[in-house]
Amino acid sequence: MSITHGLHRTLLLHRNGVAISFEGRSRTWAEVGDRVARLAGALRGLGVGEGDRVAVLMLNQDRYVELYLAVAWAGAAIVPLNIRWSAIENEDAVRDCRPDVLFVDAAFAGMGAEIAGKVGGVKLVYADDAANPIAASGALEYEKLIADAAPIEDRQAGDDDLAGIFYTGGTTGRSKGVMLSHRNLMSNARNMLCEGLASPGGTYLHVAPMFHLANAAAMYLHFLAGNSHAVVRVFTPDAAAQAIEKFKVTETLLVPTMIQMTVDHPDLGKYDLSSLRSVLYGASVISEAVMDRAMAKLPNTQFFQAYGMTELSPCATILPWKDHIGEGRAKGRHRSGGRPTFLVDVRIVDADDKPVPTGTVGEICARGETVMMGYWERPEETAKAVVDGWMHTGDGGYMDEDGYVYVVDRIKDMIISGGENIYSAEVENCIAQHPAVAQCAVIGVPHEHWGETVHAVVMRKPGAAVTADEIIAFCKARIAGYKCPRSVKIQDEPLPLSGAGKILKRDLRAPYWQDKQRGVN
């Protein structure tokens with residue numbers, strides 16, 4: 001089943017309904033369907049064949065949604081490039097996957113032209129409302145392509161055809177292109193639909209970056225559900241709240257840093273957010289303190305957590321709203337990543353790839369129709385990651401007797417101090433409960449005797465005062481002494497984030513481990 005199935009179904013059932021709303025512009029599904037068919041025809045006219053790649057380097061907008069559909073309609077594969085990367089990093093991705101066409105907006109026109117000029121053989125298309133600033137470089141114009149092209153029939157790609165290449169965030173090293181098929185993406189959308197993550201007749205808000213698979217997966221879900229889409233170009237708490245109020249948004253996806261910024265926004269109360277039925281969150285760990293504030297500030301909204309990774313299309317487990325409250329919370333299930341979603345198996349294995357007993361920490365692995373096709377042109381790395389159909393996530397965690405999966409850390413982020421395993425997520429969750437803390441991250445730093453010790457980086461809330469000693473004392477009253485930070489850096493600046501909103505611990509560790517080897521295995 002192709003990604004475009006949802007579009008065909010929606011055109012049949014309510015073609016005159018609102019499809020996409022963006023910055024004062026709304027289009028019906030009938031209009032979007034025509035534009036998608038014409039854009040697919042334009043791609044064919046530019047020489048894009050079946051299985052060829054089409055790259056996109058843009059902020060969120062309505063045309064990005066059309067591109068996801070049109071590229072699939074043409075039988076090609078979309079490659080969303082990371083808006084937080086440098087020109088060098090995006091150039092590396094373009095050289096790696098060799099797209100025929102690169103779509104850019106006003107924000108990335110210059111970078112796109114620079115990349116296309118260096119790489120060569122890439123046709124550049126400008127897709128924005130402002131005048132084309134790179135026309136001199138030969139950039140074509142999105143709207144003219146649609147106007148001049150004849151619509152074509154949907155290629156109706158096969159289940160196992162390549163639908164997209166999604167580059168990993170690069171938080172632990174050089175990024176890899178994750179190949180996802182139509183089967184992968186539609187299986188994940190079906191699973192999310194079965195989990196009740198899309199209300200009939202709802203409106204989904206694109207406020208997380210559209211290049212990232214977390215948002216794309218939610219988009220595919222709402223394509224399948226036939227729901228409307230509202231788009232915010234760049235996330236700010238005000239922009240998100242304004243869109244929820246204006247478009248009567250029912251669902252959205254936010255990463256934990258976005259949730260924290262939104263619920264701590266001083267003007268949040270002036271917006272009518274009563275339409276918001278649910279928020280799906282994931283991509284990184286959320287602290288209990290932030291979740292408690294979110295539940296208090298948005299009392300009519302239910303929260304769902306999705307745990308997974310790009311290589312799993314991306315969901316492996318879902319934590320429903322009922323486990324955030326009541327009996328589920330009393331049992332501590334709100335601290336878990338939930339249970340395996342439909343038609344996905346999850347197990348925990350040791351270093352020898354053998355399943356471990358219930359409650360024992362090991363590596364989280366998953367299998368099912370959502371497991372990636374592989375890494376683009378990296379068969380050896382694919383073979384290491386996917387063994388006998390099981391995707392090895394690189395996350396450490398355990399499963400309880402009821403099937404709830406608890407993620408304790410990235411295996412590479414686990415701190416080993418004096419032979420004791422310390423999971424940074426547990427320490428971060430403790431620190432985040434301090435009333436002066438807005439953000440925090442815990443890393444291991446080198447120590448001659450202990451190998452490494454626990455170091456915390458803390459961003460204070462505006463106007464708050466807290467010292468390193470107070471943070472350490474706060475932790476000692478709540479968790480075992482060996483887990484507590486030995487050192488704390490207090491700052492007012494936000495912590496470095498990846499495009500997916502994950503804290504870049506690699507960057508935080510770099511000054512401490514430069515010219516050093518890990519003191520532990």
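The side chains of R155 and D161 form a salt bridge, with an N to O distance of 3.4 Å. The term salt bridge here means a side-chain nitrogen of Lys or Arg within 4 Å of a carboxyl oxygen of Asp or Glu. R155 has a relative accessible area of 26% and is therefore partly exposed, and D161, at 29%, is partly exposed as well. These classes are set by relative accessible area, computed with a 1.4 Å probe on protein chains only: under 20% is buried, over 50% is exposed, and anything in between is partly exposed. The model is a predicted one, in which local features need pLDDT of at least 70 and side-chain atom pairs count only at pLDDT 80 or more, while totals for chains, interfaces and linings use all residues. Residues are numbered from 1 along each chain as its sequence is written, and side-chain values use heavy atoms, with hydrogens and water left out.

A search of the whole structure gives 35 salt bridges. One of them joins the side chains of E369 and R190, at 3.6 Å from N to O. This pair links distant parts of the chain, 179 residues apart: E369 lies in the loop between β18 (362-368) and β19 (374-375), and R190 lies in helix α7 (residues 182-194). Helices (H or I, at least four residues) and strands (E, at least two) are DSSP runs, numbered from the N terminus. E369 counts as partly exposed because its relative accessibility is 36%; R190 counts as partly exposed at 27%.

Another salt bridge is formed by K331 and E327, whose closest N and O atoms are 3.0 Å apart. Here the two partners fall into separate classes of accessibility. K331 has a relative accessible area of 48%, so K331 is partly exposed, whereas E327 has 57% and is exposed. Salt bridges also join into a network, which links R25, R27, R35, D62, R63, E66, D129 and E143.

The next topic is helix packing. Which helices have axes that come within 10 Å and cross at roughly 50 degrees? They are α4 (residues 87-97) and α5 (residues 109-119). That angle makes α4 oblique to α5, because angles under 35 degrees count as roughly parallel, over 145 as roughly antiparallel, 65 to 115 as roughly perpendicular, and the rest as oblique. The axes are lines fitted to C-alpha atoms, for helices over the stretch in contact, and the angles run from 0 to 180 degrees between N-to-C directions. On the α4 side the contact is made by A87, N90, E91, V94 and R95, and on the α5 side by M111, E114, I115, K118 and V119. Contact means heavy atoms within 4.5 Å. By class, the α4 and α5 contact has five nonpolar, four charged and one polar residue. In this scheme Ala, Val, Leu, Ile, Met, Phe, Trp, Tyr, Cys and Pro are nonpolar, Asp, Glu, Lys and Arg are charged, and the others, Gly among them, are polar.

L69 is part of helix α3 (residues 62-73) and, with a relative accessible area of 1%, is buried. Leaving out residues up to four places away in sequence, L69 touches T4, L7, V36 and F223.

I348 belongs to strand β17 (residues 344-349) and counts as buried at 7% relative accessibility. With residues up to four places away in sequence again not counted, the contacts of I348 include K354, P355, V356, I364 and Y398. Between the C-alpha atoms of I348 and R190, 158 residues apart along the chain, the separation is 25 Å.

The last topic is the backbone. A cis peptide bond joins S313 and P314, with omega about -5 degrees. P314 is in the loop between β14 (302-308) and β15 (315-319), and S313 is found in the loop between β14 and β15. S313 has a positive phi of about 70 degrees although it is not a glycine, and with a relative accessible area of 0% S313 is buried. D353, which is not a glycine, also has a positive phi of about 70 degrees. D353 is in the loop between β17 and β18 and counts as partly exposed at 24% relative accessibility.
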